[in-house]
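I opened this entry to record what I looked up, step by step. The structure comes first, then my notes.

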Amino acid sequence: MIPQEAQYRDWMLAALAGDAAAYRSLLAGLTRHLRGYYARRLGPAAAEDVVQETLIAIHTRRATYDPQRPFTAWVYGIARYKLVDEYRRGKRAAAVPLDEAGDLFTADEAQAAIARRDVEKLLAKLPAAKRALVREIKLEGHSIADAAARTGMSEAAVKVTVHRALKSLGEELGDSHADG
Amino acid sequence: MQTDDLIARLSGGLEPVRSTEVSRTLGLGLAAGIAGSALLMAATIGIRHDIIYAMGGGAFWLKFLYTLAIAALGLKLVERIGRPGTDARLPLALLAVPVLVLAAMMAMQMMSADDATRHSLMMGHSARTCSMLIAGLALPLFAGLFWSLRQLAPTRLVQAGAAAGLLAGSTAATIYAFHCTESTATFIAIWYTAGIALTTLLGAGLGRWMLRW
């Protein structure tokens, strides 16, 4: 099975129930895979348009995901269809290369997934409110102003909270290194 | 547009999706197709006059059962093929069951008949028109089912078109059974099957062009 299956499936099920944050994480994760997949086949210049087209297809066709089936196979089906479509439209002489779902979720992406899992493990040590702020600002790239507006805290308080949270995580890492 | 902006926009307006969405889409297309096809028949060739009497006999229900079994499997096939990353091997393999059962009934009829009877078993009185009328009645169903499939995400267009053609043909044949006065397993096994095969081929040919999304 594809290593990202469980995480992506969870995000997808949450997204189908209307969870926008899970959906954003899912699309951001998939974008990395799609970019690599299309860049290797169409070149980096042509890839970005197809990535966006595929994201829109995933969005508009999300009702066709059957939770009884692997999510990665569903995404791969769409990604592959958009690749074939791109070849067909461009009247590219070359045959569409043979591949399989594993090619969309390749090993370097698997490494990244492991790194993400380590980050999640570390984040889990923070209290929920701090964890949400760190995730929002440091991982998902939202602005401090956004986070302040969402939580009702002042921007200065957000900054301080994130700073302290990161510091405590740094100490946590230092401890575990000392232990090891 | 930047991809990050696109993601923000897509996730920003996220609406929950009902798990029955695919069934609803297929149901709408199929229902519209059935209505169109039934109206088309009523307006052209009509329902057989002795329908009440015929419904008391086994031959009517044999036709009905045969085409309905194929239609049920066809619906399952369309539903599977309309979703990326699923496989449709089981409903495809099960199609052999009604076809083989009716073929066995045909073989028994043919073996126990003499030459002249064999000919009339095979040709009935409407052999020349039966398959074509089924294909004609399938046209509104084609329109409805292609509309449905285009809302879904078929990734193998020829197969998707063929599955829609199989469903359109078998549903049209079920409707046609209310007009048709043939009553032997042999006739149904040949001409109903031929009509459904015709719409399946037609669907495969059309799917490649008309099901792109």
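**Where the chains meet**

I began with the contact between the chains: chain B gives 20 residues and chain A gives 29 residues. I counted two residues as in contact if their C-beta atoms, placed from the backbone, lie within 7 Å. The model is predicted: local features need pLDDT of at least 70, side-chain atom pairs count only at pLDDT 80 or more, and totals for chains, interfaces and linings use all residues. Residues are numbered from 1 along each chain as its sequence is written, while chains are lettered from A and ligands numbered from 1 in the order in which they are written.

Next I checked which elements of chain B give two or more residues to the side that touches chain A: they are helix H1 (3-12) and helix H2 (21-43). Helices here are DSSP runs of H or I, at least four residues, numbered from the N terminus. H1(B) supplies the largest share of that side, six residues.

**One helix of chain A**

I then turned to helix H4 of chain A, residues 71-89. Is H4(A) enclosed or open? 14 of its 19 residues are buried, so H4(A) is largely enclosed by the rest of the structure. Buried means that 20 or more other C-beta atoms, placed from the backbone, lie within 10 Å of the residue's own.

**The cores**

Of its 82 residues, Val78(B), Ile134(B), Leu145(B) and Ala164(B) touch the most other members. Helix H9 of chain B gives the most to this core, 12 residues.

Definitions and conventions:
Expected span 1.5 Å × (residues − 1). Buried ≥ 20, exposed ≤ 12 C-beta atoms within 10 Å, placed from the backbone. Core = buried A, V, L, I, M, F, W, Y, C linked by C-beta atoms within 7 Å.
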